[in-house]
Amino acid sequence: MRLTRRGLLIGAGGAGALLVAFALSPRRYASALVAGPGEHVFDSFIRLAADGAVSVAVPVCEMGQGISTLMAQIVAVELGADWKRVGVEPAPPSPVYGDAVLAARWAPLWQPRMLPALADTPDDWLARNHAEREPLMITAEGTALAAFEARLRAAAAGLRAMLMQAAAAKWNARWETLDTAGHFVVNGKQRPNDQKLAFAALVADAVAYDPPDPPALRAEPPKERPGQFPDGARPRYPRLDLPAKADGSFVFAGDVRVPGMVHAAIAHGPQGDTVLSSFDRKAAEGIPGVVGVVQSKRWVAAAAKTWHAAHKAVLAMEPRFHAAGRIADSSALDARIDSALRKGAATRLEAEGDPDALLAKPSLTARYDIEPAPHAPLETATATARLAGEKLELWLATQAPELVRRQAARAAGVPRRNVVVYPMHAGGSFDARLDARIAVEAVEIAKALGRPVQLVWSRWEEALAGYPRTPVSALLSASIGPDKRQLLGWRTRMALPATAIEAGARLLDGADTPGAQAAARGRADPLACEGAMPLYAIPERAVDHVPVSLPLPTARYRGNAHGYSAFFTESFIDECAHFGGAEPLSYRIGMLTGQPRLAACLVGAARMAMWGGGADASGQGIACHRMDLAAPEGLRSGFIAVVATARQEEGAIRVDQLSAWLDIGRIVNVDIARQQVEGGMLFALAQAIGGSTAYAAGLPTAGRLSQLGLPLLADCPKVDIAFAESDEQPFDPGELATTAVAPAIANALFSATGLRFRRLPLLSEGL
């Protein structure tokens, strides 16, 4: 379909105009953005005001990862805009912003629930077609650049061409000879270099022109070299959100104020199948400022003029819950997983050859365990709901705005088209804000009280009611040749719930907790075991999944399966190297056939950390990992290698240094890439030394941040990061950075102490 001015441009006030969204089959949708007086909207991504100000619609949740700045930068570079005149705004829920890359990746999560007549249709077509009809606006898996960079560049290039055509008409020149820079159209090829026209002077004329088809993109996409900005140098594109966040003026969900609004606090039942049985309503009503109490099947809430009064009222009610089914308890959880690992029926998810015969008598086996971990973002779940007649408005940070719309509309009893979601920036998430329950609860409270409500979960409720990272146990086996060095066979047997399918049922179907767990029960889950297949050239290797049904609901978590599968694999490969008396670095590189980028990362990290071979008592350990993402232009890959220097003293782990070398392809913004990697590595450090919780009678044993054993500033090691020079497609490093830290620390501790640490957190199994 030809890209025309009408298809690209939504003129001033033209809210009903149509545009084309391209996926596997083109469709037309109403514009997602509404142009105000004197404004024009281009391809639902760029809003250009009469004074030349540019605003970029961001269809993903900003959680501190810097994606808003990245998307604005892509538009600014392609458009030739002045960075000081570029801003961002959250994109409204719309199929226009469907993430086809994520849809294709998550195809296995919903394909079984498609119409039977489509059962033979390829999964990726089904998923992407579904994403066109339903707005798959979900922020997860680091797909934003792969999904939106090309579309942002195309929109900006189309607008740039229209502005240049308007300028060319004034100068009687060919528009192809012009360029844009600093918010001006410039003519430096046929006229003096100082001849230029501001965007603001051209907007009115530019909207009359058609953009070229295909878009006339700049010769190269925006790119920054790793060594471009020495320490202390100001980045070319500083973060747009940083000044307001630094001075405290940034508006988060808890800062929203609506006329007539009251504040609400809530108490949930223990994890598992629990039901509210009793509470003291009169005790709450006796608290000054309380305006009402609302109860549901599994929770009770109080509303008051201040949140502290509401919270005090909830505590005063002393709500009690009774078990209607199984309750999460760590001893029972561990027993179920242990039994499944030893005796459960497994499904083979991935294999090269068949290692079973070789592993009838394995040369080496080791078991690894992962404890459940809460997300523990700094900002607890917060939502404001205002229901006026048939219109419902919601203010909250969410990674899944369309899921929020669907579930909130159902709770309010209004059509989905009458629900307006105002997406807020999240104060951290780590995938916690994929949960839409806070919106439903706020709506139900607002509906019951007949007034706007802001519901805030306390820190205890965030720990209690949040869905944690799944517990996992894995048995790894290796067959090693007579020389004790050549790996002949490898098998990873993992026992865990089908946690990705469970999370998908909530996200894609809107299933409640029991329904999501039922959808996952007994099913093999490739996404829940992703990254467990070793990258090394082992002739016979396989990954098996033993599904486990647990009374503990589980959810997506930063790093997802790679966060634990890399720990298993890179710890066990170190054990294999030690079994054969081999040096860990050369042992890995010797088996990385066809993996030059990963081998280069290992060499780079070793050189940067002055790797000494991981000899006894050196306290050095090494690990690496790779992540892949299928995108329209082909496979995108990210690679990381980490060297850790660590020691154990007085029952605690001390990590002195982390050195990481990454290859994440073409880097759009070096400063943000470095921030993501530093944050991801410290997040992984927290998971290595703490960050987990057990459950007793459905209650988390770590219900406060202080109980999670998170590293303090004094505990943080020196962190050195380097990026490979690369022209490959960019790969988001936010989750990649979490993968190799824990195994590198575990391997370093073995070097320092001679003890193998096979459980996360690393000291949770004792010494």
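**A walk through the predicted chain**

Pro92 is in contact with Ala32, Leu33, Tyr97 and Met137, leaving aside its neighbours within four places in sequence. The model is predicted. Pro92 sits in the loop between strand S7 (86–90) and helix H3 (100–105). Its relative accessible area is 25%, so Pro92 counts as partly exposed. From Pro92 to Leu475 the C-alpha atoms are 46 Å apart. Along the chain, 383 residues separate Pro92 from Leu475.

Now step back to the whole chain. The protein chain holds 21 helices and 31 strands. Its radius of gyration is 27 Å, close to the 27 Å that the globule rule gives for 767 residues, so the chain is as compact as a globular protein of that length. Along the principal axes, the C-alpha atoms fill a box of roughly 80 × 70 × 55 Å.

Next comes the surface. The accessible surface of the protein chain is about 29,300 Å². Carbon and sulfur atoms account for 53% of that surface. The chain carries 79 positive and 79 negative charges. The mean positions of the two sets lie 4 Å apart.

Of the 767 residues, 57% count as buried. In soluble globular proteins, nonpolar side chains tend to be buried together. Here the largest nonpolar core has 192 residues. The residues with the most contacts inside this core are Ile138, Leu394, Leu487, Met494, Phe568, Ile745 and Leu762. Which helix gives the most to this core? Helix H6 (residues 144–171) does, with 17 residues.

Not counting residues up to four places away in sequence, Phe568 touches Tyr368, Ile370, Val472, Ala474, Leu476 and Met494. Met494 is itself among the core residues with the most contacts. Another core lies apart from the largest one. This other core has 17 residues, among them Leu276, Ile287, Ala309 and Val314.

The backbone also deserves a look. Most residues other than glycine have a negative phi, and most peptide bonds are trans. Pro214 lies in the loop between helix H7 (199–206) and helix H8 (242–247). Pro761 belongs to the segment after strand S31 (759–760).

Ala376 is in the loop between strand S17 (364–370) and strand S18 (382–388). Asp431 is placed in the loop between strand S20 (419–423) and helix H13 (437–449).

Is Asp431 buried or exposed? The cut-off for buried is under 20% relative accessible area. Asp431 has 7% relative accessibility, so it counts as buried. Ala376 has a relative accessible area of 21%, so Ala376 is partly exposed.

Methods. Residues numbered from 1 in each chain as written. Heavy atoms only, no water. Helix = DSSP H or I, 4+ residues; strand = E, 2+ residues; numbered from the N terminus. Rg over C-alpha atoms; globule rule 2.2 N^0.38 Å. Buried < 20%, exposed > 50% of the residue type's maximum accessible area, 1.4 Å probe, protein only. Areas by Shrake-Rupley, 256 points an atom, 1.4 Å probe, with all protein chains shown as cover. Lys, Arg positive; Asp, Glu negative; His and termini not counted. Charge placed at Lys NZ, Arg CZ, Asp CG, Glu CD. Core = buried A, V, L, I, M, F, W, Y, C linked by side-chain atoms within 4.5 Å. Contact = heavy atoms within 4.5 Å.
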